[in-house]
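This report concerns salt bridges and the packing of a helix pair. The structure is shown first, and the description follows.

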Amino acid sequence: MQHSGVAFGTSGARGLVSAMKDSVCFAYTVGYLRHLATLGEFAPGTSVAVAGDLRPSTPRILRACAAAIRYMGGVPVFCGYVPTPALCLHAFAHGMPSLMVTGSHIPADRNGIKFNRAHGEFLKPDEAAMRALDVSLPEGWFDTQGTLTAPPDLPPVTDVVPGFVARYRDFFGAHALAGLKLGIYQHSAVGRDVLVQIVEALGATAVPLGRMDSFIPVDTEAVRPEDAALARQWAADGTLDAILTTDGDSDRPLLADRHGAWLRGDVLGILAARFLAARAVATPVSSNTALEQAGFAHTVQRTRIGSPYVVAAMTQAAQAGHEPSVGYEANGGFLLASPVTRGGRTLTALPTRDSVLPMLCALVATREAGTDLAGLVAALPRRFTLSDRLKDMPTAQSAAHIAALSHDPVQGADALGLTGACGALDHVDETDGLRMTFDGGEVIHLRPSGNAPELRVYVEAASPERAAQLLHTGLQAVSAWR
């Protein structure tokens with residue numbers, strides 16, 4: 001981990017493809033299984049489910065992981081190239097450890113491995129325990145470049161898609177989306193065909209759009225200008241009720257209304273949590289504060305950014321008896337800590353990011369409310385969030401600048417021009433990065449990315465126009481740090 005450049009980020013191990021050599025991925029998988037063995041979740045003969053996204057490097061990394069599983073005496077179960085939540089749904093139901101080879105939304109020159117325990121996500125204490133292990137590579141298995149000398153074939157595919165589709169059809173009903181015409185922006189998302197199957201299983205007409213052979217890094221939290229333009233173009237003729245898509249491993253959603261305007265993930269999370277009548281909601285500190293103002297949740301807990309932190313908080317709430325307990329992230333990923341019953345139908349818990357559920361909740365909610373997505377959003381408290389990132393900004397460099405700003409945030413905010421743009425600094429939150437709240441409630445939040453050499457900038461204001469101004473201000477202010 002110290003020398004390869006492959007390290008744990010907000011969700012799993014990530015690194016450049018050139019750094020994720022067979023030997024590195026093998027060692028990570030061995031360490032993962034050795035940690036699970038200390039917990040009683042792995043032993044020789046244990047099945048381990050594996051799947052991957054559509055990046056060019058994914059098949060090679062999957063073979064390295066499968067080799068490590070066999071080396072440890074386990075049995076790899078290859079679930080194919082499917083959404084992360086589809087893999088997890090199958091693995092959790094069967095009490096199997098699982099891993100997903102994916103770099104999520106980051107460019108194709110990077111990849112990663114997301115590890116799961118037998119019944120839930122790998123949490124930060126698991127990462128720390130795994131990091132402390134010593135792992136030795138078997139002699140003769142790798143050449144001098146760290147490449148497997150005899151990479152194994154992957155097992156035949158175990159099809160997990162039917163169960164994933166049935167999860168939503170059985171909960172929402174086969175006619176829940178009848179009469180809707182939905183665009184499915186497919187790009188290179190691993191769940192692009194599964195998403196078509198799901199909306200059709202609920203009665204909608206699906207219109208596949210924008211399918212690509214090369215990998216496209218669609219980021220649901222920082223929408224590319226190209227994707228914003230595509231949505232407006234597809235919506236222009238007025239025939240689509242909404243447009244749905246996901247990130248690369250299809251665990252984060254992106255939903256556009258009939259006008260082609262993409263909804264923020266943290267707004268989508270509020271709509272889904274309200275639809276499911278959640279009593280407890282866990283979400284990162286960067287998410288829209290309209291959640292608290294909406295007033296439907298009895299308990300709201302703000303966490304650090306990353307699904308492991310959200311999982312820990314929502315699980316704690318469920319254990320305290322606050323159910324339904326849900327979590328969501330600003331990227332739109334939605335998590336269930338406890339079952340949800342609605343209209344006599346029960347949806348089982350799935351404590352990992354799910355892209356499909358929040359989009360379906362919002363679409364069904366429009367039908368029940370007699371409005372459209374834009375109408376649902378307009379009825380929420382007037383708080384607007386935006387985010388973007390300063391690319392090619394090393395994590396250590398970002399962290400050093402933020403630490404200096406944290407030392408004297410009043411003077412630092414003034415020096416960056418933020419006080420002049422937003423007013424006096426009222427409050428600072430260091431839960432994750434530095435979140436500055438100014439007089440009047442405007443927010444600028446700075447944080448190093450956990451997945452790539454980028455500095456994330458999040459803002460919140462009372463209008464979309466003002467949020468756009470704040471984002472520009474924030475990006476301009478930190479651009480001098482590069």
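The side chains of Arg-117 and Glu-41 meet in a salt bridge, with an N to O distance of 2.8 Å; the term denotes a side-chain nitrogen of Lys or Arg within 4 Å of a carboxyl oxygen of Asp or Glu. The pair links distant parts of the chain, 76 residues apart: Arg-117 is in the loop between β6 (110-116) and α4 (124-131), and Glu-41 is in the loop between α1 and β3 (47-52). Arg-117 counts as partly exposed because its relative accessibility is 24%, whereas Glu-41, at 17%, is buried. Buried means under 20% relative accessible area, exposed over 50%, and partly exposed in between (1.4 Å probe, protein chains only).

## Basis of the model

The model is predicted; local features need pLDDT of at least 70 and side-chain atom pairs count only at pLDDT 80 or more, while totals for chains, interfaces and linings use all residues. Residues are numbered from 1 along each chain as its sequence is written, and side-chain values use heavy atoms, with hydrogens and water left out.

Helices (H or I, at least four residues) and strands (E, at least two) are DSSP runs, numbered from the N terminus.

## Further salt bridges

By the rule stated above, the count comes to 24 salt bridges. One of them joins Asp-372 to Arg-258, with the closest N and O atoms 2.7 Å apart. Asp-372 lies in the loop between α11 (356-369) and α12 (373-378) and Arg-258 in the loop between β10 (253-256) and α8 (265-275), so the pair ties together parts that are 114 residues apart in sequence. Arg-258 is partly exposed, with a relative accessible area of 41%.

Arg-435 and Glu-460 also form a salt bridge, their closest N and O atoms being 3.6 Å apart. Arg-435 belongs to strand β20 (residues 434-438) and Glu-460 to strand β22 (residues 455-461), 25 residues apart. Arg-435 is buried at 7% relative accessibility, and Glu-460 is buried at 1%.

## Packing of α1 and α2

Helix α1 (residues 22-38) packs against helix α2 (residues 58-71) at an angle of about 45°, with their axes 8 Å apart. Axes are lines fitted to C-alpha atoms, for helices over the stretch in contact, and angles run from 0 to 180 degrees between N-to-C directions. The two helices are therefore oblique to each other; angles under 35 degrees count as roughly parallel, over 145 as roughly antiparallel, 65 to 115 as roughly perpendicular and the rest as oblique.
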